[in-house]
Amino acid sequence: MLVVAACAAVLAVSGCGLPRNGATVTVNGDEVPYRLLGPSGDGPTSVPTGTAVTAPRVFLVDADSQLVPQPVQLDAAGLTPVVADLLTVLTTGPDEQARALGLSSALGPDVILRLIDVEGDTARIAVEATANGPSADRLPLAIGQVVLTVTSVAGVDRVRLIQNGKPLEATLPGGEQTPDPVDAEDYASLLVAGSRHPSKAEPAPTSSATPTP
């Protein structure tokens, strides 16, 4: 599992608004640390009923040049910190476990991604790339990785790429370019067969958060 340590201290369950008497309450998704929203080896396996947010994903490239979602454990809480940390994980590239599965990244080590801000439902991302950046035929995969990864976060539906302070045209899977913000549907054709972009409106599990022994 890809892991990034985004906070110096691990947020305690008591800080998430969970009652001590065991009752289930509704928790605002923006206030839940994202490490609680997906499985991990040392944390809760589910969240209380009413939290309609799924864990974010990082998308990597398999041997058939298709995008594969990979779970991420984050300690960050809040929209912009989570997006920023996901970009850090994405640009760091696949870890040893992901590489063993044959996964790679079309972004390459010379691409730097930085979250500028989130305006409404659109994340503005600054892109820095050298001459050794993704080749033209790999650009849709590289941009697809960014778009699918960032829009896996609840509250972000579209991505606008910025380079040198100006909007950067996004290359779509068919090779066309668009100056408009792009979303997950624009790159759905690149997803590995049998996969889909994580829904951000699915109901959370019905069980209360329970620490894994």
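Trainee: Is L107 buried or exposed in this predicted model?

Mentor: Buried means under 20% relative accessible area. L107 has 5% relative accessibility, so L107 counts as buried.

Trainee: Let me follow Q145. Which element holds Q145?

Mentor: Q145 lies in helix α3. Its relative accessible area is 0%, so Q145 is buried.

Trainee: What does the side chain of Q145 reach?

Mentor: The side chain of Q145 reaches the backbone oxygen of F59, at 2.9 Å. Not counting residues up to four places away in sequence, Q145 also touches others, among them L60, V61, L67, L90 and L107.

Trainee: How do I read the packing of helix α1 and helix α3?

Mentor: Take the angle, the distance and the hand in turn. Helix α1 (residues 79-92) and helix α3 (residues 139-150) pack at an angle of about 145°. Their axes are 10 Å apart. The crossing of α1 past α3 is right-handed.

Trainee: Which residues meet there?

Mentor: From α1 come V83, L86, L87 and L90. From α3 come Q145, V146, T149 and V150. By class, this contact of α1 with α3 has six nonpolar, two polar and no charged residues.

Trainee: Take I125. What is I125 in contact with, leaving aside neighbours within four places in sequence?

Mentor: I125 is in contact with L87, V146 and V150, among others. The list also includes L113, L115, I116, V159, L161 and I162. R114 and R160 are in contact with I125 as well.

Trainee: Now the whole chain. How many helices and strands does the protein chain have?

Mentor: The protein chain has three helices and ten strands. From the N terminus on, the elements run β-β-β-α-α-β-β-α-β-β-β-β-β. Of the 213 residues in the protein chain, 44% are buried. Now take the contacts with a separation of 6 or more: residues 24 or more positions apart account for 65% of them.

Trainee: What should I expect for phi?

Mentor: Most residues other than glycine have a negative phi. Here are two cases with a positive phi. S65 has a phi near 60°. N164 has a phi of about 55°.

Trainee: Where are S65 and N164 found?

Mentor: S65 is in the loop between β2 and β3. N164 is in the loop between β6 and β7 (166-167).

Trainee: Why does N164 count as exposed?

Mentor: Exposed means over 50% relative accessible area. N164 has 73%, so N164 is exposed. S65 has a relative accessible area of 36%, so S65 is partly exposed.

Conventions:
Residues numbered from 1 in each chain as written. Predicted model: local features only at pLDDT ≥ 70, side-chain atom pairs only at ≥ 80, totals over all residues. Heavy atoms only, no water. Axes fitted to C-alpha atoms, helices over the stretch in contact; angles between N-to-C directions. Helix = DSSP H or I, 4+ residues; strand = E, 2+ residues; numbered from the N terminus. Left-handed = near helix turned anticlockwise from the far one by under 90°. Contact = heavy atoms within 4.5 Å. Nonpolar A, V, L, I, M, F, W, Y, C, P; charged D, E, K, R; others polar. Buried < 20%, exposed > 50% of the residue type's maximum accessible area, 1.4 Å probe, protein only. Polar contact = N/O pair within 3.5 Å; in protein donor to acceptor, adjacent residues only side chain to side chain.
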